[in-house]
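Morning, everyone. Please bring up the structure, and we will walk through it piece by piece.

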Amino acid sequence: MMARSGTHRKLPVPSSAASRNREPMSHSDFLRSRSVRVTASPIGKIIRTAGGVSAMAITGQLILVATIPILARLYSPADFGLFTIYLSAVNILGAVAALRFEPSLYGVKEAGQTYVTVKLILLAVLVTGVLTFATGQLLLSVAPPQLRHLVWLVPIGMSGAALVETMNCWALRAGLLRDFAVGRLILPATMALLQLAFGFARLGGEAMVHAHILSQFVFLAFLGFRILNWGDVRGIYRAPWNSVFDKARREYKFPLFDIPATLGSYAINNLPAILVGSLFGAAFAGYLGVAARLVTGPIVLIATPLSNVFVAEANKNSNHGHMLAIARGLLILAAGLTAFPILVLGLAAPYLVVPVLGQAWMPTAQIITALAFMGAVQALSTPLSEVPALLRRQEVRLAVDAARMVLVFGPLLAGAKAGWEPIDVIYLMAAGGTVGFALKTAASLYLLKRDAEPARATLPSLYTIARKEHHEAPIE
């Protein structure tokens, strides 16, 4: 496979005996995660690896978070609620729009098979997009009037999300981490800047949705130009359909086993906003959306890249002692760099939200406090979230996610049916979510200690996606 990538000048080797076997590493080399032998502790190695891979993603997320105080004055809580409902639907549907065939790109070794896989993904996205649009048309009469225009916007957004994930997988398969990292900056930064521009132009709440879709097109244009050429495009177009369908049959495990677990995990993080909006109004969905974005910020910035580092380390060395040492380092880092700051944010929220966002957003402070405990435990579970996949124990992940769904949605629906106040219902939901994430963390640790020799990762590439996507973060 041909790909556009910059050439790197090889630096001269130092002449001293102490550094004769050590090659200097440029900034671009660092982003490409080149293997370097280190003798430091696992924590130091994790910090260096995760820092190099996620620097651009952190900058993009910081831009996204920094614009919230301005956006809160340009758009109403109801506007944020509309956008949160749209984004929650796109996150859930976009995660399975390609039928989970995107990760199969990692195991492809030949350019011809890459083209076949991409053609299969495009076919899946087209089919699911059309089916989603048709389903929306059937449900149009029962949808609230303020949400009916989302019927045609959600299929576009979910298809864009699937194509974004596909381009990420292609870039990482080729080892182009620098281009991948720049893309992680472009996507959130473009959305934030477009939302600001549309807000100052007074284009209304729907413009927040348009900004999200346009940012996807900007990302696809950038990364496509960087990693594709006309030979790649012709190869995808000419890929034989019989090979495409044969590929779908061989990779049946991706849609069969991965879709239910992925849907459950995304639903836990995105469906509550939709339910809160339908039960208590769009404004409360907006409060919840902003609070979730702030609470999950440290998780997206730090905990999710730590998960990618864990998978990379498992691919390189599946020794039991090594895996446990890395897991301990990850938990210490996650506790200090994510869980503790989230708890501090929850305690300080009542004193910060009104000065920063305005009096109209006071319920957001209470929701941040409610979500802080769940977010802290989520931060601990995220770095070890791929342990079931690494150990080929997908049934454990499915069982844990099913239990988490009961713990999250059971209290939410029970509290609403009992007529509780919205804030009380959200507190109850957060308590159930806290127990669910604790269960997920415990299951991962149990599997690590129980299996004497972890299997190699399901995705054999050294490079793994820092997801929004991952999947534990509801807002991207």
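Where is the place of Arg100? Arg100 is in the loop between H4 and H5. Before going further, a caution: this is a predicted model. All values here are computed from that model.

Let me stay with that loop. The phi of Arg100 is near 65°, a positive value in a residue other than glycine. Leu99 lies in the loop between helix H4 (77-94) and helix H5 (111-138). Phi of Leu99 is near 60°, again positive in a residue other than glycine.

Is Arg100 buried or exposed? Arg100 counts as buried, because its relative accessibility is 6% and the cut-off for buried is under 20%. Leu99 sits at 30% relative accessibility, so Leu99 counts as partly exposed.

Now the whole protein. How many helices and strands are there? The protein has 17 helices and zero strands. There are 476 residues, and buried residues make up 55% of them. The accessible surface comes to about 20300 Å². Of that surface, 68% belongs to carbon and sulfur atoms.

On to helix packing. Two packed helices are described by the angle between their axes and the distance between the axes. Here are two pairs.

Pair one is helix H6 (residues 150-173) with helix H8 (residues 206-227). They pack at an angle of about 25°, and their axes are 10 Å apart. Angles under 35 degrees count as roughly parallel, so H6 is roughly parallel to H8. H6 passes H8 in a left-handed crossing. On the H6 side, the contact residues include Leu150, Leu153, Ile156, Gly157 and Gly160. On the H8 side, they include Val209, Ile213, Phe219, Leu220 and Leu223. What is the make-up of this contact by class? The contact of H6 with H8 has 15 nonpolar, six polar and one charged residues.

Pair two is H5 with helix H10 (residues 241-250). The packing angle is about 80°, with the axes 9 Å apart. The range for roughly perpendicular is 65 to 115, so H5 and H10 are roughly perpendicular to each other. Gln113, Val116, Thr117, Lys119, Leu120 and Leu123 come from H5. They meet Trp241, Ser243, Val244, Phe245, Lys247, Ala248 and Arg250 in H10. By class, the contact of H5 with H10 has seven nonpolar, three polar and three charged residues.

Next, two residues with partners elsewhere in the sequence. Pro77 lies in helix H4. Pro77 has a relative accessible area of 17%, so Pro77 is buried.

Then Ala376, which lies in helix H14 (residues 362-381). Ala376 has 7% relative accessibility, so Ala376 counts as buried. Ala376 and Pro341 are 35 residues apart in sequence and 8.3 Å apart in space, C-alpha to C-alpha. Which residues does Ala376 contact, leaving aside neighbours within four places in sequence? They are Ala339, Ile342 and Leu343.

That's my tour. Over to you.

Key: Residues are numbered from 1 along each chain as its sequence is written. This is a predicted model: local features need pLDDT of at least 70, side-chain atom pairs count only at pLDDT 80 or more; totals for chains, interfaces and linings use all residues. Side-chain values use heavy atoms; hydrogens and water are left out. Axes are lines fitted to C-alpha atoms, for helices over the stretch in contact, and angles run from 0 to 180 degrees between N-to-C directions. Helices (H or I, at least four residues) and strands (E, at least two) are DSSP runs, numbered from the N terminus. Angles under 35 degrees count as roughly parallel, over 145 as roughly antiparallel, 65 to 115 as roughly perpendicular and the rest as oblique. A crossing is left-handed if the near helix is turned anticlockwise from the far one by less than a right angle, and right-handed if clockwise. Contact means heavy atoms within 4.5 Å. Ala, Val, Leu, Ile, Met, Phe, Trp, Tyr, Cys and Pro count as nonpolar, Asp, Glu, Lys and Arg as charged, and the others, Gly among them, as polar. Buried means under 20% relative accessible area, exposed over 50%, partly exposed in between (1.4 Å probe, protein chains only). Accessible areas come from the Shrake-Rupley method with a 1.4 Å probe; for residues, only the protein chains shown count as cover.
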